[in-house]
Amino acid sequence: MKDKNISVAVIRRLPKYHRYLKELLDRDIRRISSKELSKIIGFTASQIRQDLNNFGGFGQQGYGYNVEDLYQEISKILGLTRNYNVVIVGAGNLGQALANYTSFGRLGFDLKAIFDINPKFRGFKVNDVDVLDMDNFETFIEENAVEIVYICTSRNGAQDVADRVQKTKVKAIWNFAPIDLKVNEDVIVENVHLIDNLLTLSYFLKENQ
Ligand SMILES: NC(=O)c1ccc[n+]([C@@H]2O[C@H](COP(=O)([O-])OP(=O)(O)OC[C@H]3O[C@@H](n4cnc5c(N)ncnc54)[C@H](O)[C@@H]3O)[C@@H](O)[C@H]2O)c1
């Protein structure tokens, strides 16, 4: 099911709702008002009401929100009701850090392999996942029904990897390399440029001094 009518701005806020609602569930909190949710999550109560009205208005006057229902609905919208097979390309510092981070797996992103062109990684495992060379990349992707590729190569290698990804059925790339990848329209790229965040932080620090 496609949620075409939900704006990108709302979608970008959903992971934060998802995270906080999970924390509430873990604390066995079953219902919450938009005012209380606002205090915890940092969005205004009216923003929360507007956001959540986008998909069915789970709030009830005088009752608040049913945390479990809302969590399930947001999980559904975020596509988290099933698992995804993923691979990492680039077994350096960042690739290994992501492979060692177990929360992605808990959310349903199952790491099937890590790929690297450097022969020094042959026979290497990270967090029990094999590091493979790139020779059989496309075959592995097909045989293991991989749906997402995390690119953790150097800037120079990233476009080559994206070009190879596009020859497979994979339609989603999580790109950590500091480069704007050129891909076909049907491939979604989500960039994580940590340096952009750091520079924004440095701007605000400068402004506050
Ligand atoms: N390490 C960080 O904290 C960090 C932070 C932000 C961004 N990044 C970005 O993430 C990327 C990875 O950073 P890193 O520190 O892990 O680098 P790294 O040099 O430790 O690892 C990069 C790995 O990619 C492999 N590689 C290069 N080209 C390849 C290709 N075509 N196919 C397969 N493997 C290939 C290399 O052999 C190497 O093992 C870089 O683009 C970097 O700018 C890293």
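Reply: Happy to; below we take the terms one at a time.

Reply: This is a predicted model, in which local features need pLDDT of at least 70, side-chain atom pairs count only at pLDDT 80 or more, and totals for chains, interfaces and linings use all residues. Residues are numbered from 1 along each chain as its sequence is written.

Me: What makes up the protein chain in terms of helices and strands?

Reply: The protein chain has nine helices and ten strands. Helices (H or I, at least four residues) and strands (E, at least two) are DSSP runs, numbered from the N terminus. The C-alpha atoms fill a box of roughly 60 × 50 × 35 Å along the principal axes.

Me: How do you know where the domains of the protein chain are?

Reply: The bounds come from an automatic or database domain assignment. That assignment gives domain 1 (8-77) and domain 2 (84-196). The C-alpha centres of domain 1 and domain 2 are 32 Å apart.

Me: What does UniProt say about residues 16-55?

Reply: The unreviewed UniProt entry annotates residues 16-55 as "DNA-binding region". UniProt positions are given in the numbering used here, feature names are shortened, and annotations may be inferred rather than shown by experiment. In the model, residues 16-55 are 70% helix and 5% strand.

Me: Why is Gly 92 called partly exposed?

Reply: A residue is buried if 20 or more other C-beta atoms (placed from the backbone) lie within 10 Å of its own, exposed if 12 or fewer, and partly exposed in between. Gly 92 has 13 C-beta neighbours inside 10 Å, so Gly 92 counts as partly exposed. Gly 92 is found in the loop between β4 and α5.

Me: And why is Leu 94 called partly exposed?

Reply: Leu 94 has 18 other C-beta atoms within 10 Å, so Leu 94 is partly exposed too. Leu 94 lies in helix α5.

Me: Which residues does Leu 94 touch, not counting those up to four places away in sequence?

Reply: Leu 94 touches Cys 152 and Phe 176. Two residues are in contact if their C-beta atoms, placed from the backbone, lie within 7 Å.

Me: Which residues come nearest to the ligand?

Reply: Among the 23 residues around the ligand, Gly 90, Gly 92, Leu 94, Gly 157 and Ala 177 come nearest. A residue is near a molecule or strand if its C-beta atom, placed from the backbone, lies within 6 Å of it. Helix α8 gives the most to this shell, with four residues. From the unreviewed UniProt entry, the "binding site" list includes Gly 90, Gly 92 and Leu 94.

Me: What makes a set of residues a nonpolar core?

Reply: A nonpolar core is a set of buried Ala, Val, Leu, Ile, Met, Phe, Trp, Tyr and Cys residues joined through C-beta atoms within 7 Å. The largest one here has 30 residues, and Val 87, Ile 88 and Tyr 150 are among those with the most contacts inside it. Strand β8 gives the most to this core, with five residues. Another core, of 14 residues, lies apart from it and includes Leu 14 and Leu 52.

Me: Why might nonpolar side chains be found together?

Reply: In soluble globular proteins, nonpolar side chains tend to be buried together.
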